[in-house]
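Subject: Two-chain model for your review

Dear colleague,

Please find the structure below, followed by my notes on what was found in it.

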Amino acid sequence: MISGRAIVHRLHEHGVSTGAMLGVSAWAVAVLAAMLVERFAGQEVTLCVFKRVTGSPCPMCGSTRATALLARGDVGAAAVMNPLFVAVVAAAIVWGVWMIVRARTARRSRAARGAWMSGPWAAAALLVVVGINWAYVLWRGN
Amino acid sequence: MSQYSTPPSLPPGMPFPPTQPGMLGQSMPHRGVLVLVLGILGIIMCGVFGVIAWVMGNRDVNQMQVGRMDPSGRGLTDAGRICGIIGTVLLCLQVAALLIWLLFIVFVIAVAGATAAGGARGGP
């Protein structure tokens, strides 16, 4: 059994600072609050500051609704709502499982780990993915 | 006078002096550009990108300090990490504002409900 303290310690080892954990927790609280308001008051809550300021959705708009759909187990509808968000959630789950598995298995060489994310092409690929998702979100009108 | 100079003191958390990239044959290339892009996205778009930038930036700075990552990207990584911290702080402020707004709405609904109930009891 892995204790909460052990998980936090392991996250710290991987560079996940307390502030970052607080940020993720804050975001989770906001999503939960928005889901509750939407369910019980029937009012849609816009969490995105970008959308409030510009009137246009940001690349991650629709994440709250996608979270609600994921909570109901409707992965397909969540992916239609915001594909990038569902991909990020899937990657986070895979990373978490990998982090646990890696602690119990042989380690790869440090040079090999994360090397694929170096260089300007990785940032360019990220921008392309975010841009495609943004175009989709704008087209869908999230 | 001794032939050898005293080694400089190391900051806490650094077990041995930084090495040059490739010195141990294990040095990773830096991901400074990626961290910076994530950090900027975290500020101008969605705070979740900022959290990712902060985490990746922290990891990479630690790796650079112990000589496992190419230190030439330290500036980019630091900039991306700071952008990530700003994005995360903005996200937290946004959530705090949302929660205050929700509490206000709940308070208004409760007061309206109490007033309506008082009016109904006090009616003719």
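Phe85(A) lies in helix α6 of chain A, where helices (H or I, at least four residues) and strands (E, at least two) are DSSP runs numbered from the N terminus. Phe85(A) counts as buried because 25 other C-beta atoms lie within 10 Å; a residue is buried if 20 or more other C-beta atoms lie within 10 Å of its own, exposed if 12 or fewer, and partly exposed in between, with C-beta atoms placed from the backbone. Leaving aside neighbours within four places in sequence, Phe85(A) is in contact with Met60(A), Gly62(A), Ser63(A) and Ala66(A), two residues being in contact if their C-beta atoms, placed from the backbone, lie within 7 Å. Between the C-alpha atoms of Phe85(A) and Ala41(A), which are 44 residues apart along the chain, the separation is 25 Å.

This is a predicted model, in which local features need pLDDT of at least 70 and side-chain atom pairs count only at pLDDT 80 or more, while totals for chains, interfaces and linings use all residues. Residues are numbered from 1 along each chain as its sequence is written, and chains are lettered from A and ligands numbered from 1 in the order in which they are written.

As for chain A as a whole, there are seven helices and zero strands, and 23% of its 142 residues count as buried. Of the contacts in chain A between residues at least 6 apart in sequence, 44% join residues at least 24 apart.

Met60(A), one of the contacts of Phe85(A), also reaches chain B: leaving aside neighbours within four places in sequence, its contacts include Met45(B), Cys46(B) and Val48(B). In the largest nonpolar core, which has 45 residues, Met60(A), Leu38(B), Phe49(B), Ile52(B) and Ala53(B) touch the most other members; such a core is a set of buried Ala, Val, Leu, Ile, Met, Phe, Trp, Tyr and Cys residues joined through C-beta atoms within 7 Å.

The contact between the chains takes 35 residues from chain A and 30 residues from chain B. On the side of chain B that touches chain A, α3(B) gives the largest share, nine residues, and the residues of that side divide into 19 nonpolar, eight polar and three charged. Here Ala, Val, Leu, Ile, Met, Phe, Trp, Tyr, Cys and Pro count as nonpolar, Asp, Glu, Lys and Arg as charged, and the others, Gly among them, as polar.

How do the axes of α2(A) and α2(B) cross? They come within 9 Å and cross at roughly 160°, the axes being lines fitted to C-alpha atoms, for helices over the stretch in contact, with angles running from 0 to 180 degrees between N-to-C directions. α2(A) is therefore roughly antiparallel to α2(B), since angles under 35 degrees count as roughly parallel, over 145 as roughly antiparallel, 65 to 115 as roughly perpendicular and the rest as oblique. The residues that make this contact include Gly19(A) and Trp27(A) of α2(A) and Gly47(B) and Trp54(B) of α2(B).

Within chain A, the axes of α2(A) and α4(A) come within 10 Å and cross at roughly 75°, which means that α2(A) is roughly perpendicular to α4(A). Val31(A), Ala34(A) and Met35(A) of α2(A) meet Thr64(A), Thr67(A) and Ala68(A) of α4(A) in this contact.

Best regards
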